[in-house]
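Dear colleague,

Please find below the structure that I am handing over to you. A summary of the findings follows directly after it.

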Amino acid sequence: TIAPGRIGNLVVASGDLFAEEVKVLTTWVDGFYYDNDVATERDLRGTWEVTVDGKTLPLVVEGEIDKLDAKLGGEKVGFSAKRDAVLLVVPAKVLGAAEGAFRLSGRLIEEAIAGSGDAPAGASVRWSAKRSAPFAAKKPDDKPSPGDRPLDFPETYPAGAFGRVAPPELPQTVLVRGATIWTSAAQGTLQNAVLLVTNGKISAVGPGLKAPGGAAVVDAQGAHVTPGIIDCHSHTAISKGVNESSHAVTCEVRIADVIDATDIDIYWQLGGGVTAANILHGSANPIGGQNQIIKFRWGALPEELKMADAAPGVKFALGENVKQSNRPGRSTRYPQTRMGVEQIIRDRFRAAQEYDAAMKKKDGLPPRRDLQLEALSEIVSGKRLIHCHSYRLDEIHSFLKVMGEFNVKPATLQHILEGYKVADEIAKMGVGASSFADWWAYKWEAFDAIPDNAHIMHAQRVLTSVNSDSPDLARRLNTEAAKSTKYGGMSPEEALKLVTIYPAQQLRIEAKVGSLEPGKDADFVIWNGHPLSNYTHATQTWIDGRKYFDRTEDMEARKNFAAQRDALIQKALAERVKEIGKPKEDESKKDKKDDADAAPKPPGHRHAAGVYASGGDEDTCSAHGEELLQ
């Protein structure tokens with residue numbers, strides 16, 4: 001803030017900082033100012049009377065201040081200015097000489113310029129200039145050509161295809177009627193039922209409910225309604241890379257700081273019924289960065305995507321990725337073995353305990369705040385969840401043993417392709433398992449997977465979910481869940497829970513989402529058929545009682561954006577046509593220039609880094625130097 005008593009840190013700009021073409025002029029730090037180059041620029045545009053050795057010609061200077069165009073006596077000349085220094089490069093013919101160019105340098109003093117220069121033959125000349133008329137910007141043409149006319153597209157966020165002009169409307173009351181409703185809750189699946197939403201929250205689910213006056217009614221006769229799909233393992237909407245792999249432990253970094261609300265995958269996944277996701281750091285570290293749970297509110301800003309009060313967590317990882325055995329040109333970063341991964345987790349947990357104890361001491365100075373140890377301390381004390389990338393039986397067993405030493409219960413074991421081998425141990429610790437349905441064999445530790453994995457863990461009373469780990473696969477999580485029905489014989493109701501209420505429970509957000517029950521957020525999907533069929537698609541996806549995706553609107557938007565794309569292409573082509581129509585350099589002149597460049601130089605005369613060496617007398621060298629300057 002700018003107020004009495006505040007430190008004198010200021011920015012001085014040429015206008016509103018958020019306006020176009022505005023430049024920073026001066027920056028103040030602790031009361032000391034630093035001029036930018038822009039601050040010292042002088043506006044030399046206008047008409048000047050230039051006198052060179054008694055000959056006077058008009059000089060017209062136009063264009064942008066940082067890119068000036070100048071004509072002397074109607075001929076284009078080189079013109080540049082910085083602070084008070086001015087330089088003119090004038091073709092010889094403009095000032096009556098045969099060939100070459102004049103180089104005139106001078107200094108600006110108020111409204112006049114004075115200086116000296118060099119003629120083509122090397123003689124010195126004096127020159128001066130005086131402003132005779134101010135600069136007057138040209139008025140734009142009243143009727144621009146079609147190629148110059150700006151395209152009138154609506155302003156959207158995100159910019160580009162499928163961006164929104166405004167957030168979707170929030171009706172006070174919404175009634176979805178006539179559908180088969182899969183509640184993923186105690187009510188089970190209801191036939192020909194009604195879902196009632198009030199102010200973004202589910203108020204009732206059941207048959208025979210009546211629409212209040214003024215309610216927005218959605219006729220879903222013959223359709224199916226499910227809770228919004230929740231992806232327990234996603235990297236969607238992360239700006240740039242997903243890993244901070246410089247160190248083995250990086251839990252001080254936060255996905256929350258790099259959320260990209262313009263990622264088009266958010267929109268595509270809404271089209272697949274996904275409404276929320278656990279956005280995870282990558283798996284380059286035994287202890288990686290902090291996760292962020294978001295809702296896919298397409299068109300909202302990054303902060304508005306974040307799910308309020310969602311349980312915080314950290315991405316852990318085991319196996320090939322962290323010991324880097326599958327990386328070409330692997331580094332020597334510790335650890336390099338599975339045993340080392342186990343040990344570094346143990347070591348950092350002990351460091352966190354010591355840090356926590358030191359912070360609680362009443363006497364003496366507290367230790368310097370350490371964001372990494374702070375996050376680890378929250379894990380050890382049970383305030384922050386662990387989502388651990390894992391594959392093999394042995395490393396899963398070892399990891400759970402280390403967690404037992406510190407009385408820490410991880411929230412989920414991610415991927416966990418060999419979870420079926422150790423399901424009883426996972427169930428005993430009360431740890432969740434979030435698996436692929438049938439995605440494996442992409443590296444050695446992923447070869448022992450089976451399609452029954454999720455079903456077997458679920459049967460052993462492990463809290464199980466199915467995730468994507470891919471923005472493309474995330475659009476089909478409903479059919480990923482269906483694979484447990486196909487391979488394991490799981491009931492369709494339980495299979496749907498693998499991507500609705502079970503991931504919500506793993507992420508500790510089940511009080512708000514994951515099932516269709518009164519009091520929960522109105523996150524739901526309307527499908528045109530059985531939600532586990534690969535012939536089915538989502539027709540509408542709602543979040544917080546707002547419709548964020550509508551397939552009918554989507555089909556119309558595709559036409560509109562295709563038309564906009566065509567218009568942009570045509571505008572670009574129009575500019576290209578202008579370029580094609582410009583006259584090319586005269587080939588005969590070009591050939592003569594090439595011949596001149598190839599002509600033999602005076603015998604024995606050579607140049608080395610600007611120094612004239614053997615084979616020519618002083619006058620010859622000076623003449624040749626003048627030639628090079630021209």
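Which residue in β2 stands opposite Ala-13? The residue is Val-24. Please bear in mind that this model is predicted.

Strand β2 covers residues 24-29 and is joined to β1 by four bridges, the two strands running antiparallel. Both belong to an open sheet of three strands, ordered β1-β2-β3 and paired in antiparallel fashion. At its edges lie β1 (10-13) and β3 (32-35), each of which pairs on one side only. On average, neighbouring strands of this sheet are turned by 20° against each other, direction ignored.

**Pro-168**

Pro-168 is found in the loop between β11 (124-134) and β12 (173-182). Its relative accessibility is 9%, and residues under 20% are classed as buried, so Pro-168 counts as buried. Leaving aside neighbours within four places in sequence, Pro-168 is in contact with Arg-546, Lys-547 and Tyr-548. The C-alpha atoms of Pro-168 and Phe-549 are separated by 9.3 Å, although these residues are 381 residues apart along the chain.

**Aromatic residues**

Phe-549 is also part of a cluster, in which ring pairs link it with Phe-162, Tyr-267, Trp-268, Trp-298 and Phe-561.

The count of aromatic pairs comes to 15. For Phe-316 and Phe-349, the ring centres are 6.1 Å apart and the planes meet at 65°; an angle over 60 degrees counts as edge-to-face, so this pair is edge-to-face. The pair links distant parts of the chain, with Phe-316 in strand β21 (residues 313-317) and Phe-349 in helix α4 (residues 338-360), 33 residues apart. Both Phe-316 and Phe-349 are buried.

A ring also takes part in an arrangement with a charge: the charged end of Lys-486 sits over the ring of Tyr-487, 5.6 Å from its centre.

With kind regards

How values were computed. Residues are numbered from 1 along each chain as its sequence is written. This is a predicted model: local features need pLDDT of at least 70, side-chain atom pairs count only at pLDDT 80 or more; totals for chains, interfaces and linings use all residues. Side-chain values use heavy atoms; hydrogens and water are left out. Two strands pair if DSSP finds at least two bridges between them. Axes are lines fitted to C-alpha atoms, for helices over the stretch in contact, and angles run from 0 to 180 degrees between N-to-C directions. Rings of Phe, Tyr and Trp (its six-membered ring) pair if their centres lie within 6.5 Å; planes under 30 degrees apart count as stacked, over 60 as edge-to-face and the rest as tilted. Buried means under 20% relative accessible area, exposed over 50%, partly exposed in between (1.4 Å probe, protein chains only). A charge sits over a ring if NZ of Lys or CZ of Arg is within 6 Å of the ring centre and within 35 degrees of the ring normal. Contact means heavy atoms within 4.5 Å.
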